[in-house]
Amino acid sequence: MEQNFFRLTPQQALQELHAASGGLTSAEAAQRLAKVGPNQLAEGQKKSALAVFAGQFKDLLVVILIAAALISMFSGNLESTLVIFAVLILNAVLGTVQYFKAEKSLESLKAMSAPTAKVLRDGQRQEIPSSQVVPGDIIELEAGDLIVADGRLLNSWSLKVNESSLTGESEAVEKISSAISGEKVALGDQKNMVFSGSLVTYGRAVMVVTATGMETQLGRIASLMNQTQQRKTPLQKNLDDFSGKLAFLILVICAGVFLLSVYRSGMTILDSLMFAVALAVAAIPEALSSIVTIVLAMGTQKMARQNAIIKELKAVESLGSVQVICSDKTGTLTQNRMTVQNIWADGILTRGTDLELANDAQRALLKIALLDSDATLGHTAGAAAVGDPTEVALVQLGAWFGVEEQAYRAQHPRLSELAFDSDRKLMSTLHDTDEGPTLYTKGAMDVLLARSTRLLTSQGPVPLTPELRAQIEQVNRQQSESGLRVLAFALRPLPSARLLTLEEETDYTFVGLISMIDPPRPESVQAVADAKRAGIRTVMITGDHKTTATAIAKQIGIFGEGDQALDGVELEGMSDAALDEVLPKTAVYARVSPEHKIRIVSAWQRRGCVVAMTGDGVNDAPALKKADVGVAMGITGTEVSKDAAAMILADDNFATIVKAVLNGRSVYANIRSAVQFLLSGNMAAILAVIYASLAGLSVPFQPVHLLFINLLTDSLPAIALGMEPARPGLMDQKPRDPNASMMDRPMITRVFGQGLMIGVASMIAFYIGLAEGGAALASTMAFATLTLARLFHGFNCRGPESIVRLGLGSNPYSLMAFGIGILLLALVLFVPALEGLFLVAPLSSANLMWVLGLAFAPTLCIQISRLIRGK
Ligand code: ATP
């Protein structure tokens, strides 16, 4: 059947492997890709443009506007009704466009964090985007990988897979490659099958892809897996909540104003209704929620350009209030570019370049370094080394002595292996040697020495006496103190070749030590200092040795006067209360396991701190989820950790986290400015309408006026405020209290005070118009003054400082928004065709001068008071 054409039986899988032992060719892969399509699940039901458009009318605002339109119609003002409907449609169109733009930007972020697969193509190992994988591709799997297609195992080494995305079962299942061992496997047997969406939690394997995209098991249940809608961030929820309460309050006040107008001022019911409607339209911050979304989305785009890929929108906010950053050392604070410095074997400590091949113990050290490792050097010109940097350093050591690792490994075939994992801190391989099957192990010195009973010398193995142990520990300490990473090497002859188990990693003959340098990233020092200035504590959490970690932490500025380091064993022996006590002064946690990371995050969170935590390994996922901002490594991180994180560092660099914190702070500050701007403008209109109704005046603004301001002339400066560059002092402030509301007392005072000033200016304009030309001119002058004053007010909201200090040109968008706002206002005031629609009376140049002066007055007062305060 055509559909199942690519579902391979074990025999076919083997044939595939033999036919293409170098994998598919690029041409074959392209052909298959054209046939089966990209390897991805069909997108969940996407909303149609019509549905999104219709959704824009489901708002309280719309109900009020429709009421306004009907009331206008009954009062004989058909033009106004038409304008309101036109505005409603325009608003819905803008909302729809913005929805799809946000969708697109989220998709581009998603694409940046999409998984990759290590395939064998054209005889070479290549890392390609998972969407390019086709049936027949041969994929290498290792711990931490996300399996991106269904496939049959061709070979596996202690492979364990978490299939919870398919089965809901969180326990990892063991998989074996019975296809290669020739065992008869029923086609329905899933022991040798792995499935798209599963995670490799342990071991390694090679698989041949049997199905991709919607043909996979996951694809078949894809409708269940449709990604949930993007959730709102706490800030968005907060503001929605606020808007809801505000709307309710406004309706109550509107009812009050309506009754007051009818009974006290003796207005007609229709006129009183016009007041109530004007008030409702004035008060509801129509643009608020979309402005917040736009500013957050722009923030994520900026962060992505600076290598911080945000996966959850709420991380942008949390980043702004981060108080503690728990960072890995290797690769994040350091360069992860290891070079062998010194070696120790047979009692001799010497430089790596001076290793003596004639010395049996030193030769054995090099042998283990090359065989018990998977890294390869790029032997063709321009080719890069592939593998774990620790292991790359070891094969480089071999290359210094002319030993080509691949040829050497071919002479001593690997029979079995136990992959490295950061819990065990060991890696073992079993080889056929002249002395018979021998287990070679490398790993953390403390772990390996504890499991050794003999020491290899040039005279052969000798018992490992306490004196010899002390000597090895002394060398380790001395090397670690200068910040070098020390790796230990040991061997164990086995009676026969067999599949290795963890129990065999014991009773070793210790061979020696190799120390390597991994210099700190030059930018780490500055970033740690910046974080400190910003009131953020940086803590190093590493699998490395305590002494090495402390030495590096000192170089980078993490470990200072009065600080201390803890290791995993010490941490284990501590109660939570004891940990809470030492937490503030512990700058380094060494030899920790992923479970310890959760304890450390929890301890900081118990103190009420917002914690960012980095992680790259498969077991780091729970800690990443537990942290307020889980940060995964884009280059070296496992797919599992990327899946669990809220942010991915495209460059694995600590300095990028600090930059992201700055951006998070700046996004929050900008949203705050935009909220202040929108609410204070609305407050001005509310106060003016309430005043007019109490004073028995005619309604100062028509609903179309307020809609014009709220949806057009106010939105542009609000977006421009969202693009305000980060203020220089932003990183000199303490982190924001995550529980503090944005609508705090100073904010409310500013909204009220600034609103009052603009409201007063508008009403003065109203009175001038009233005295000169009656109600129509009064309303036109009030409207023009309100619009213009709010445009000027955009500059006040750029920051707490005066505009002289901020610099008028430092945010060009605010100038552009101001310019376009003026243009729109001029169109409404001076284009005869629009005059009727917007119910404006012609203005004389004297009127215009008044409007200009009154509109500028509030901004002038605010700026002068800031200048005086600044001095
Ligand atoms: P981080 O600072 O990111 O936690 P790390 O590299 O120090 O990184 P792990 O990768 O967990 O932490 O390594 C822990 C220890 O395991 C190292 O200090 C080293 O002794 C040992 N180790 C590291 N890589 C290997 C490897 N490829 N094979 C054997 N042992 C290794």
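A: First, a word on terms: two strands count as paired if DSSP finds at least two bridges between them. Keep in mind that this is a predicted model.

Let's take the open sheet of 8 strands, where the order is β8-β24-β23-β22-β9-β19-β21-β20 and the pairing is mixed. The edges belong to β8 (308-310) and β20 (564-567); each has a single partner strand, so one side of each is left without a neighbour in the sheet. On average, neighbouring strands here are turned by 20° against each other, direction ignored.

Now zoom in on β23 and β24. Strand β23 covers residues 629-633 and strand β24 residues 647-649, and the two run parallel, joined by 3 bridges. Within this pair, methionine 633 is found opposite leucine 649 of β24. Helix α23 (residues 594-606) also packs on the sheet, and the strands it touches are β9 (324-327), β19 (537-541), β21 (586-590) and β22 (611-615). The direction of α23 makes about 170° with that of β22.

For an antiparallel counterpart, have a look at β13. Strand β13 (residues 426-433) has 7 of its 8 residues buried, so it is largely enclosed by the rest of the structure. It pairs antiparallel with strand β14 (residues 436-444) over 8 bridges, and the hairpin they form has 2 residues between the strands.

How values were computed. Residues numbered from 1 in each chain as written. Predicted model: local features only at pLDDT ≥ 70, side-chain atom pairs only at ≥ 80, totals over all residues. Heavy atoms only, no water. Buried < 20%, exposed > 50% of the residue type's maximum accessible area, 1.4 Å probe, protein only. Helix = DSSP H or I, 4+ residues; strand = E, 2+ residues; numbered from the N terminus. Axes fitted to C-alpha atoms, helices over the stretch in contact; angles between N-to-C directions. Contact = heavy atoms within 4.5 Å.
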